[in-house]
Amino acid sequence: MLLEVKDLHAGIEGKEILKGLNLQVKKGEVHAIMGPNGSGKSTLSKVLAGHPTYEVISGEVLFEGKNLLELEPDERAREGVFMAFQYPVEVPGVSNSQFLRLAYNQKMLHHGLEELDPLEFNDYLKEKAKIVDMDPQFFKRSVNEGFSGGEKKRNEILQMAVLEPKLAVLDETDSGLDIDALRIVAEGVNKLRSSENAIILVTHYQRLLNYIQPDFVHVLANGKIVKEGGKELALELEEKGYDWVKGAAV
Amino acid sequence: METSFTEQFRQFIEGEKSAGGRELREKAFAVFAALGFPTPNDEDWKYTNVAPLSREPWVVPPLMLSPSDFDRNEDRIAGFDFGRNGFTALNMAFACFSIHVIPKDMAFAEPIKLEYSAANRMMTSPHVVIIAEAGSKATIVESYHASSSGFTNAVTRVMVGDNANITHYRVQRNAPDAFNIGTTDVTLGAGSSYDSTNINLGGRLSRHDIDLKFTAEGGEAWVDGLYMLGGNQHHDTHSIIDHTVPNCNSHQTYKGVLNDNSRGVFNGKVFVRENAHGTDAQQSNKNLLLSNDARVDTKPQLEIFNDDVKCSHGATVGQLEEEQLFYLLTRGLPEVLAKNLLTYGFAEEVINKIGIESIKKELDVAVLNRLGRPIEL
Ligand SMILES: Nc1ncnc2c1ncn2[C@@H]1O[C@H](COP(=O)(O)OP(=O)(O)O)[C@@H](O)[C@H]1O
Ligand SMILES: [Mg+2]
């Protein structure tokens, strides 16, 4: 098992948001977590990434059998957990390529592998950029600064491509994308999908799932998974709306 | 006032062969003796107590022949008002003059390099006059890199002639126990430009006074800087940008990064005089505090005596953004590295102005390695 979430209760500032969440993800799988606004999807993503303002009240999260919750956010990342942010952060004054090379080399260092110098990394980055059809002019620009919503989301997937995580949690990667950008981002994710990694797609809408076919769909409502099924569940949800599952128990 | 300098001055002045030089130095020393070193009672020195410097028995090296002969340059040297404070008077008394002229319409391909490093327990007093004649163009690189506890008390004057273009980099990277006092005095002629970047990373106590005046229409100036401090370092920048004539533009971006127990002071006055219509003056001072014990006192001051102007000014004091830090951590950067990178990002705007690759590289490294393990961009 790559990821095991067992009866997770978590919240923020004393308010419980996740109320007993269970999830099992194996290598090679794509899971979709769907749910209405405010159901706790971003909270789950942030807790997995280790955001300091979210508190875990009880429960367990195992990553490759090890306790993920006791690792710092950067340690989780180097172990192979990646989160694409719903709202990617701008980092003025730090160029995309500098940032990506530092991140990449930290991972290499952690695994005792060879670091890349700027020239080598530039070649590597150029190859990766093709996956999300990103113009190399974005390498020189400050991280996300002045990027459009769609460019920021593409940049998140570029980071995923560069870091090659074992587990990628993509939080609303489809939001704010027009149909062309959505297609490019989704195709990028499909290219990165492999038998060696797993992807959790966190989304409000079903439309992303037309492009990236999930193996499993989980419906989150009020901090709990209330329904689970295959990809056809997403279509059913689209048709019937979230009211259909709200309050229902698995 | 009897100081440790009195006897030294008596011996020092023996080495001055020019009558004019003797007269000027004696006058300057008398002014220093009367003023003494500034104290926190002086409004301009309120936050910078120079007692740790003034109580040291500094040794003055004997007057070697100044690189530039006094008699031939008397007019150029005499124009400086050394009476503004004890340091400028002391500088003039013990000055080691060097005069650089960039002839009319000439562009220097190589920068004018001014390098200073005061030896342990010694006081050095460089006094540089740079005259950029009409239509000329040059870059000045002024650097301070004392390796031990010395005291540099410098004056640098830059006279930018009509339609001349001067780029000036001043980099102070002294050892952490050195003292550095400096005054930069700039005048701009018609249609000229002066672009300066002032970096202060070193020294136990450093103070930089910049005095810039537009003397004819159409001038444009950038007076930017970065101070980056840690330990018990103290840095103070006092700048005056004086719009005395119409249609000149000034831009000022100063950034401060303060760690540990360090202390920074920024005081930036911009005057827009009565007839200086068409002035565009922008000023900002942003500070990043990396520790709870660091402190900065910032005072941007805009004094406008005229309606037809475009001016803005502001100052901020903040900390690293939590969300930015988290973002970098989630990409696998260890905390120290992430903080260094964010700090670099904060300072980058000023560092990136530097057009000389070797200096820029050196600063990249210095800023990125501020905390912990070295990284390279
Ligand atoms: N930083 C925060 N402070 C207070 N409440 C929060 C914070 N973040 C999220 N919440 C609350 O937690 C609940 C779940 O939010 P979130 O996980 O962002 O939902 P989703 O991503 O599914 O829309 C909501 O009620 C939201 O208002
Ligand atoms: Mg959300």
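Residues are numbered from 1 along each chain as its sequence is written, and chains are lettered from A and ligands numbered from 1 in the order in which they are written. Because this is a predicted model, local features need pLDDT of at least 70 and side-chain atom pairs count only at pLDDT 80 or more, while totals for chains, interfaces and linings use all residues, and side-chain values use heavy atoms, with hydrogens and water left out.

**Stop one: the magnesium ion**

Select ligand 2, the magnesium ion, which is coordinated by A:Ser42 through OG and by A:Gln86 through OE1, at 2.1 to 2.3 Å. Donors here are N, O and S atoms within 2.8 Å of the metal (3.2 Å for Na, K and Ca), and water is not among the atoms, so sites may look incomplete. A:Ser42 lies in helix H1 (residues 41-49) and A:Gln86 in the loop between strand S6 (81-84) and strand S7 (91-95) of chain A, so the pair ties together parts that are 44 residues apart in sequence. Helices (H or I, at least four residues) and strands (E, at least two) are DSSP runs, numbered from the N terminus. A:Gln86 is buried, with a relative accessible area of 18%, where buried means under 20%, exposed over 50% and partly exposed in between (1.4 Å probe, protein chains only).

**Stop two: ligand 1**

Next select ligand 1 and the residues around it, among them A:Ile12, A:Pro36, A:Ser42 and A:Tyr54; a residue belongs here if one of its heavy atoms lies within 4 Å of the molecule. H1 of chain A gives the most to this shell, with 3 residues, and strand S2 (15-25) and H1 each supply at least two. Oxygen atoms of ligand 1 can then be traced to a polar backbone atom of A:Gly38 at 2.8 Å, to a polar backbone atom of A:Lys41 at 2.8 Å, and to an N or O atom in the side chain of A:Lys15 at 3.3 Å. Taken alone, ligand 1 exposes 550 Å², of which the protein buries 63%, with accessible areas from the Shrake-Rupley method and a 1.4 Å probe; for residues, only the protein chains shown count as cover.

**Stop three: A:Glu64**

Finally, select A:Glu64, in the loop between strand S4 (54-63) and strand S5 (66-67) of chain A, which counts as partly exposed at 30% relative accessibility. Its C-alpha is 9.5 Å from that of A:Lys26, 38 residues away in sequence.

Notes. Polar contact = N/O pair within 3.5 Å; in protein donor to acceptor, adjacent residues only side chain to side chain.
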